[in-house]
Amino acid sequence: MSSVYHHLSRTPSLLSSTCRAAHSTRIIARGVSSTRIASSEPQEARVRPRVVFSGIQPTGTPHLGNLLGALLNWVKLQRDAAPDDQLIYSIVGWHALTLPQDPKALSASRRDMLAVLLAVGLDPKRSVIFHQDENPHHAELAWILNCITPMGKLRRMTTWKSRLAASRNARDDSEVDESLLNVGLFTYPVLQAADILAYRATHVPVGEDQQQHIELCRDLAEGFNRTFKGKKPLFPLPQHVITSSCRVLSLKDPSSKMSKSSPDLNSRILLTDGTSKVRSKIKGAVTDSTLGVTYDPEARPGAANLLSILAACTGEDVETVASRYADKGHGEFKADVADAVEELIKGPRAEFERLRGETAYLASIAEEGAAKARELSASTLREVRTRIGLV
């Protein structure tokens, strides 16, 4: 789980998975102004009330890809939610432990990530915002689900190789092997399922790389309901919410995603980057020598990546943006991209820098969020224990 709940082809989604939908978000200071994205579910088939759950790992400073791919979608879901919808957003510290971490850095990153969530516009009075590791119900339910999860299902999971490859800056999954795999990383899809099912979530914002895990979560929920029957099924089968299919790519290698783990610091724009650094990184982004700017992800991936970024920042269709630069040079184009990125992040950046120093306030928000989370999940765990015989 990196940014983290990221195929359930048989299930409708709340947000469009097209690039156009992904480009309809604009953030202004702590608020979001965007075109409203409606659910694709038939009105009569919608689940009410909805329980939306998602999580993000507390590792490293969030970059532009995290902001456009996950965090702004969380804010959008918060803004567009019906009054009776429950929104639950977690900083998933236990998932971070599936790869080696420096304890001091992890501790600081937990606080910083909470500050980031508040800075981009999540409201602790509307959404439950908490540290996963401060609610033991997640780990308890994960153990119970581990005991009913076939090994074969986990062996079919593919994302552990991707995570190891990313952690080692490998170019593809073929460069890692099972000798690098620990038990926690192997079973983290079960913990992810527990994260979701502890709150009996109905909708989970996900990226494409996590859809396989949401399918596993549905399988485990269905299996538990079938094996441990009650008056009614305990767990709903959570639906995926596609947050974005337009990945923000590395500024230096547009064949790969923008990543916190890349050794090239100029490959990503961080939320904490100042104006001059944003301009410098965009100016140095890989494009090509072809005159004019066109949107062609296959032939011109660098230019296409910058066009996608610009469209996401301005809330426009990427083809519309591309048409304005068909006869313009890369220098003018990159300058406009830098301006748009700066406009997008300057408000959250300033708010983050203010909040990260308010440790007492952040601690109080974390404590209140964890208490709300434990209260919500307690009834689920009581019913789970009753059904499996631990009473």
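Where is Arg-200 found? Arg-200 sits in the loop between helix 8 and strand 6.

## Ground rules

This is a predicted model, in which local features need pLDDT of at least 70, side-chain atom pairs count only at pLDDT 80 or more, and totals for chains, interfaces and linings use all residues. Residues are numbered from 1 along each chain as its sequence is written, and side-chain values use heavy atoms, with hydrogens and water left out.

Helices (H or I, at least four residues) and strands (E, at least two) are DSSP runs, numbered from the N terminus.

Arg-200 has a phi near 50 degrees. That is a positive value in a residue other than glycine. Arg-200 is partly exposed, with a relative accessible area of 26%. Buried means under 20% relative accessible area, exposed over 50%, and partly exposed in between (1.4 Å probe, protein chains only).

## An aromatic cluster

Rings of Phe, Tyr and Trp (its six-membered ring) pair if their centres lie within 6.5 Å. Planes under 30 degrees apart count as stacked, over 60 as edge-to-face and the rest as tilted. By this rule there are 6 aromatic pairs. One of them joins Phe-53 and Tyr-199, with ring centres 5.5 Å apart and planes at 15 degrees, so this pair is stacked. Phe-53 belongs to strand 3 (residues 51–56), while Tyr-199 lies in the loop between helix 8 (183–197) and strand 6 (203–206). The pair links distant parts of the chain, 146 residues apart. Both Phe-53 and Tyr-199 are buried.

Tyr-199 also pairs with Phe-130. Here the ring centres are 6.0 Å apart and the planes stand at 65 degrees, so the pair is edge-to-face. Phe-130 is in strand 5 (residues 128–131), and 69 residues separate Phe-130 from Tyr-199. Both Phe-130 and Tyr-199 are buried. Phe-53, Phe-130 and Tyr-199 form one aromatic cluster.

## Ala-370 and its contacts

Phe-130 has a further partner. Ala-370 is in contact with Phe-130 and Glu-134, leaving aside neighbours within four places in sequence. Contact means heavy atoms within 4.5 Å. Ala-370 lies in helix 14 (residues 359–388). At 1% relative accessibility, Ala-370 is buried. Ala-370 and Glu-134 are 236 residues apart in sequence, but 6.0 Å apart in space, C-alpha to C-alpha.

## Helix 4 and its two partners

Two packed helices are described by the angle between their axes and the distance between the axes. Axes are lines fitted to C-alpha atoms, for helices over the stretch in contact, and angles run from 0 to 180 degrees between N-to-C directions. Angles under 35 degrees count as roughly parallel, over 145 as roughly antiparallel, 65 to 115 as roughly perpendicular and the rest as oblique.

The axes of helix 4 (residues 103–119) and helix 13 come within 8 Å and cross at roughly 135 degrees. That makes helix 4 oblique to helix 13. Helix 4 contributes Asp-112, Ala-115, Val-116, Leu-118 and Ala-119 to the contact, and helix 13 contributes Pro-348, Glu-351, Phe-352 and Leu-355. By class, this contact of helix 4 with helix 13 has 7 nonpolar, no polar and 2 charged residues. Ala, Val, Leu, Ile, Met, Phe, Trp, Tyr, Cys and Pro count as nonpolar, Asp, Glu, Lys and Arg as charged, and the others, Gly among them, as polar. Helix 4 also packs with helix 14, at an angle of about 80 degrees and with axes 10 Å apart. Helix 4 and helix 14 are therefore roughly perpendicular to each other. Arg-111, Leu-114, Ala-115 and Leu-118 of helix 4 meet Tyr-361, Leu-362, Ile-365 and Ala-366 of helix 14. The contact of helix 4 with helix 14 divides into 7 nonpolar, no polar and 1 charged.

## Two more residues

Glu-342 lies in helix 13 (residues 330–355). Glu-342 is buried, with a relative accessible area of 10%. Not counting residues up to four places away in sequence, Glu-342 touches Gly-274, Thr-275, Val-278 and Arg-349.

Pro-83 is in the loop between helix 2 (64–80) and strand 4 (86–91). Pro-83 is exposed, at a relative accessible area of 83%. Pro-83 and Arg-50 are 33 residues apart in sequence and 9.9 Å apart in space, C-alpha to C-alpha.
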